[in-house]
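Please find my notes on the model below.

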Amino acid sequence: MNIPIIGSQFPTAVIPLIDGATKSIKVVVFDWRWYPSDPGASVQIFNQSFVRAVRRGVSLRVICNNGEIFKYLTELGAECRKTLSSNLVHAKLLIIDDKFLVIGSHNYTQHAFTMNREISLLTDAPETFPIFDKFFETLWLL
């Protein structure tokens with residue numbers, strides 16, 4: 001399966017995958033925002049899927065440049081890191097249970113979900129997982 005996700009389709013396409021996660025979610029994203037004063041925003045509805053996953057016992061590990069999100073995620077029980085490297089992490093990668101991979105241009109922000117011209121790809125191609133998992137684990141150790 002290879003499914004393009006264009007613009008505002010991102011939350012609709014990805015939330016069911018997060019809601020179905022049973023073991024682990026790994027995230028690499030340049031920017032991730034939390035909107036506590038706007039619970040109906042599409043990105044905040046997306047954010048709540050991570051809350052549900054962690055509450056179910058799913059491991060959530062996040063690499064993000066925007067450390068402000070860490071406050072919300074670590075309170076949930078997620079592990080969060082900014083790389084210590086001087087190189088900027090600009091990738092956007094989501095690995096769910098080593099079964100689904102989402103990669104593309106979407107940050108986890110309201111603008112990315114509603115205004116920007118974004119495109120990502122959802123795949124379940126097993127040959128891709130070792131490559132992207134190694135990428136995640138390498139960044140995790142930086």
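**Notes on the predicted model**

1. The chain exposes about 7200 Å², and 57% of this comes from carbon and sulfur atoms. Accessible areas are Shrake-Rupley values with a 1.4 Å probe, and for residues only the protein chains shown count as cover. Of the 142 residues, 46% count as buried, meaning under 20% relative accessible area (1.4 Å probe, protein chains only).

2. This is a predicted model, in which local features need pLDDT of at least 70 and side-chain atom pairs count only at pLDDT 80 or more, while totals for chains, interfaces and linings use all residues. Residues are numbered from 1 along each chain as its sequence is written, and side-chain values use heavy atoms, with hydrogens and water left out.

3. The chain has 5 helices and 7 strands, in the order β-α-β-α-β-α-β-β-β-α-β-α from the N terminus. Both are DSSP runs numbered from the N terminus: helices are H or I with at least four residues, strands E with at least two.

4. Helix α1 (residues 9-19) and helix α2 (residues 42-55) have axes that come within 9 Å and cross at roughly 10°. The pair is therefore roughly parallel, the term for angles under 35 degrees. Residues in the contact (heavy atoms within 4.5 Å) include Phe10, Val14 and Ile18 of α1 and Ile45, Phe46 and Phe50 of α2.

5. Among contacts in the chain with a separation of 6 or more, 69% join residues 24 or more positions apart. The C-alpha trace spans about 35 × 35 × 30 Å along its principal axes.

Notes:
Axes fitted to C-alpha atoms, helices over the stretch in contact; angles between N-to-C directions. Parallel < 35°, antiparallel > 145°, perpendicular 65-115°, else oblique. Buried < 20%, exposed > 50% of the residue type's maximum accessible area, 1.4 Å probe, protein only.
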